[in-house]
Amino acid sequence: MEGAELELERRSKFLSSLIQQKKAKEHQEQHSKLNVHVRAADMPVLLQDRAFRCAREQLDSMPGKLDSKRLALALKKEFDAAYGPAWHCIVGTSFGSYVTHSTGGFLYFSIDKVYILLFRTAVEPLDR
């Protein structure tokens, strides 16, 4: 009986690894379609995908020249509304940064030649 359980566990792990490989490949293909390159991330994949789609939609809606402030504001508003306050967004073609973020709330990526830093900080109530 023990041998059968080990074989079942081995097969289960194998199938799980195949599923994860397929999901990773699909995720990479989606990035390629949007022309997204993740530079650094500490954020769940679903939130990352939402950021990519929002950024791509905003960039596609801009006639000609990049409006960094408009893009940053759109991403901030989207994430504040969906996931609560204290999201920050920096957009540009060249910038430096050093930030502290909440766990699971950091994404640095590029679309085309635009770099986007999206992160969340903790909000603590004021004691008065």
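Strand S1 and strand S3, which covers residues 106-111, are joined by six bridges and run antiparallel in this predicted model. One of the pairings involves Val36, whose bridge partner in S3 is Ile111.

Strands of a sheet pair through backbone hydrogen bonds, and the pairing can be parallel or antiparallel. Here four strands make up an open sheet, and reading across it gives the order S1-S3-S4-S2, with antiparallel pairing. The edges are formed by S1 (36-42) and S2 (87-92), each of which pairs on one side only. From one strand to the next, the twist averages 10°.

Two helices pack on this sheet. Helix H2, residues 45-61, touches S1, S2, S3 and strand S4 (114-120). The direction of H2 makes about 35° with that of S3. Helix H3, residues 68-83, touches S2 and S4, and its direction makes about 155° with that of S2.

How do H2 and H3 pack, and at what angle? The angle is about 145°, and their axes lie 10 Å apart. H2 passes H3 in a right-handed crossing. On the H2 side, the contact is made by Leu47, Arg50, Ala51, Cys54, Ala55, Gln58, Leu59 and Ser61. H3 contributes Arg70, Leu71, Ala74, Leu75, Glu78, Phe79, Ala82 and Tyr83. Sorted by class, the residues in this contact of H2 with H3 are eleven nonpolar, two polar and three charged.

Note on methods
Residues are numbered from 1 along each chain as its sequence is written. This is a predicted model: local features need pLDDT of at least 70, side-chain atom pairs count only at pLDDT 80 or more; totals for chains, interfaces and linings use all residues. Side-chain values use heavy atoms; hydrogens and water are left out. Two strands pair if DSSP finds at least two bridges between them. Axes are lines fitted to C-alpha atoms, for helices over the stretch in contact, and angles run from 0 to 180 degrees between N-to-C directions. Contact means heavy atoms within 4.5 Å. A crossing is left-handed if the near helix is turned anticlockwise from the far one by less than a right angle, and right-handed if clockwise. Ala, Val, Leu, Ile, Met, Phe, Trp, Tyr, Cys and Pro count as nonpolar, Asp, Glu, Lys and Arg as charged, and the others, Gly among them, as polar.
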